Amino acid sequence: MFDLKKLKIGAAAISVSAAMIASVTTAETVIRIQSVLGNSTDEVRMVESFATDVAALTGGSVKIEILPAGAVVGPRDIMDAVDAGLVEAGFAWTHYWGGKHPAANLFGAPIAGAGVGLDAMAFLSWFQYGGGKELYDRLWDEMGVNVKGFMLQPVGPEALGWFPEPINSMDDFRKLRFRAPPGMVGAAYNEIGVAAVAMGGGDILPALEKGAIDAAEWCCPKPDSVFGFQKVLKHYYLQGLHQVVVNADLYINGDVYNSLSATEQKAIEVAANASLSKSMSYRIYENGKALKDLTENHGVILEDTPSDYFTEYMAAAKKLLEAAAEENEFFAEVWQSQKDFADIAVPFWAGAQASNAGLGKAHADTLK
């Protein structure tokens, strides 16, 4: 016959033990991500989606909080802050850290498709299956920072930008002070005689309004329209080479990342891979809607980029790539990997995309 008293005591002990185990296994890790952007941007909304996925995949054991630009440190100091542990993580474009290591440019924004015809999809193929991720994981040691990186948001191709009047040739372009990205991308503009000025996205419209710059690029129709460039400039050029590929990344302090369980680390990896697909899908539709609104409701005129831009910018890009490869061994290794991949993948992908572009243009022309 069972001793009911002993049974109750045993059940109580089991309950306490289960509660103790649960308290250990559900311990929460909070990762604060400071962004280089304000929290109202599309990029941050997509980071929020990534954070939701991480929470779901970890059963809530990893919680991600997103801090706006300037919450802990200035945007230019985010990498140093993550390295030092002042904030657990950061969100930015990896070419912003080209001053720490030139190879950062080949991951964040490989100029002119790395000079070998990589677009955003081809770049992801290299990154995931062509050896790119293994090189990316080495970047942080080469850079000398205690960081674990995850690529989250491919963007390109970015628009050439916004202009006060049509530009019919590079001679017209060279007359203007132009906001361009930092690093190798902006250096190529300077190389071909364009007065390129780097500044944050939130500073561009005020600079245009004050006449500190004459023309500008930021990204694509949706993000550009959020910043309001259409209020000042009406001539918009979609076709550019400077950032055919550009990626926004997550940087987690190495000690914080290593403190996570293997399951939690895998959850972040899986959520990051999902973010790559979701961000590309999101941007195609959102940019399409924004471009339609800009041209139909804000007087924006779509222009064709002058042909001499492509030849001049590509020549400058290759010159900078070759110089960087001569000066830095790791840069040369990464670029060679991209070139080897492109020799195999680009003939197929470029050929397929040519017919796709023609198909799309045929439909777009019926809407004019």
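## Strand S10 and its neighbours

In S10, Ala 248 is the bridge partner of Trp 93. The model is a predicted one, in which local features need pLDDT of at least 70 and side-chain atom pairs count only at pLDDT 80 or more, while totals for chains, interfaces and linings use all residues. Residues are numbered from 1 along each chain as its sequence is written, and side-chain values use heavy atoms, with hydrogens and water left out.

Strand S3 (residues 89–93) runs antiparallel to S10, and five bridges join the two. Strand S4 (residues 147–154) also pairs with S10 in the antiparallel sense, over seven bridges; here Val 147 has Asn 253 as its bridge partner. Two strands pair if DSSP finds at least two bridges between them. Strands themselves are DSSP runs (E, at least two residues), as are helices (H or I, at least four), and both are numbered from the N terminus.

## How covered is S10?

S10 covers residues 247–253, and seven of its seven residues are buried. Buried means under 20% relative accessible area, exposed means over 50%, and partly exposed is in between (1.4 Å probe, protein chains only).

In a regular strand the side chains alternate between the two faces of the sheet. Which residues of S10 lie on each side? Asn 247, Asp 249, Tyr 251 and Asn 253 are on one, with Ala 248, Leu 250 and Ile 252 on the other, and both faces are covered.

## Aromatic pairs

Searching the whole structure turns up 25 aromatic pairs. The ring rule takes Phe, Tyr and Trp (its six-membered ring) with centres within 6.5 Å; planes under 30 degrees apart count as stacked, over 60 as edge-to-face and the rest as tilted. Trp 140 and Tyr 251 make an edge-to-face pair, because their ring centres are 5.6 Å apart and their planes sit at 70°. Trp 140 lies in helix H7 (residues 132–143) and Tyr 251 in strand S10, so this pair ties together parts that are 111 residues apart in sequence. Both Trp 140 and Tyr 251 are buried.

Phe 163 and Phe 178 form a stacked pair, 5.8 Å centre to centre with 10° between the planes. Phe 163 belongs to strand S5 (residues 161–163) and Phe 178 to strand S6 (residues 177–179), so the parts tied together are 15 residues apart in sequence. Phe 163 and Phe 178 are both buried.

## Charges over rings

Lys 148 has its charged end over the ring of Phe 150, 5.4 Å from the centre. Lys 339 does likewise over the ring of Trp 335, at 3.9 Å from the centre. The rule asks for NZ of Lys or CZ of Arg within 6 Å of the ring centre and within 35 degrees of the ring normal.

Gln 265 is found in helix H13 (residues 262–297) and is buried, at a relative accessible area of 19%. Leaving out residues up to four places away in sequence, Gln 265 touches Tyr 257, Asn 258 and Leu 260 (contact means heavy atoms within 4.5 Å).

## The whole chain

The protein chain has 15 helices and eleven strands, and 48% of its 368 residues count as buried. Its C-alpha trace spans about 95 × 50 × 40 Å along the principal axes.
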